[in-house]
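Welcome to my notebook. I opened a structure that was new to me and jotted down what I looked up, one entry at a time.

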Amino acid sequence: IRGRDLALLLYLAVCTACVVWPGMKLFAARVEPRILGLPFALAWMIGWTVATFAVLAVYHTLSERERA
């Protein structure tokens, strides 16, 4: 397993821990403060989703560049 693959797996493990119990309960199980009018817990989930999309897009780009 390459270093980039290991880093992706580690990131996905951290991401999963932050959006399910107990990570969500520890860090984001509250309504206040509101972010762009959204409760903090919902903004937390959206933030992790967007960050994961960005990480996977970069990983895909780097993998495609390596194959070419």
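**Entry 1: helix α1**

I began with α1 and found D5, L8, Y11, C15 and C18 buried. For me, buried means under 20% relative accessible area, exposed over 50%, and partly exposed in between, with a 1.4 Å probe and protein chains only. Helices here are DSSP runs of H or I with at least four residues, strands are E runs of at least two, and both are numbered from the N terminus.

Seen down the axis of α1, the buried residues fall within an arc of 150°, so they line one face of the helix. I took that arc from the directions between the helix axis and the C-beta atoms. On the other side of α1, I noted G3, L6 and L10 as exposed.

**Note on the source**

I am working with a predicted model, where local features need pLDDT of at least 70 and side-chain atom pairs count only at pLDDT 80 or more, while totals for chains, interfaces and linings use all residues. Residues are numbered from 1 along each chain as its sequence is written, and side-chain values use heavy atoms, leaving out hydrogens and water.

**Entry 2: what α1 packs against**

Next I asked what the buried residues of α1 pack against. They pack against α2 (23-27) and α3. I count a contact when heavy atoms are within 4.5 Å. Setting aside neighbours within four places in sequence, I listed G23, M24, W44 and W48 as the contacts of C18.

**Entry 3: the core**

I then looked up the largest nonpolar core, and it has 9 residues: Y11, C15, C18, M24, A28, F40, A41, W44 and W48. Such a core is a set of buried Ala, Val, Leu, Ile, Met, Phe, Trp, Tyr and Cys residues joined through side-chain atoms within 4.5 Å. At least two of the core residues come from each of α1 (3-19) and α3 (40-67). The most come from α3, which gives 4.

**Entry 4: the cysteines**

How many disulfides does a search of the whole structure find? I got 0, taking a disulfide as a pair of cysteine sulfur atoms within 2.5 Å. The sulfur of C18 has its closest cysteine sulfur in C15, 7.2 Å away, which is too far for a bond. C15 counts as buried at 9% relative accessibility, and C18 is buried too, with 11%.

**Entry 5: L56**

Last, I visited L56, which sits in helix α3. L56 is partly exposed, with a relative accessible area of 37%.
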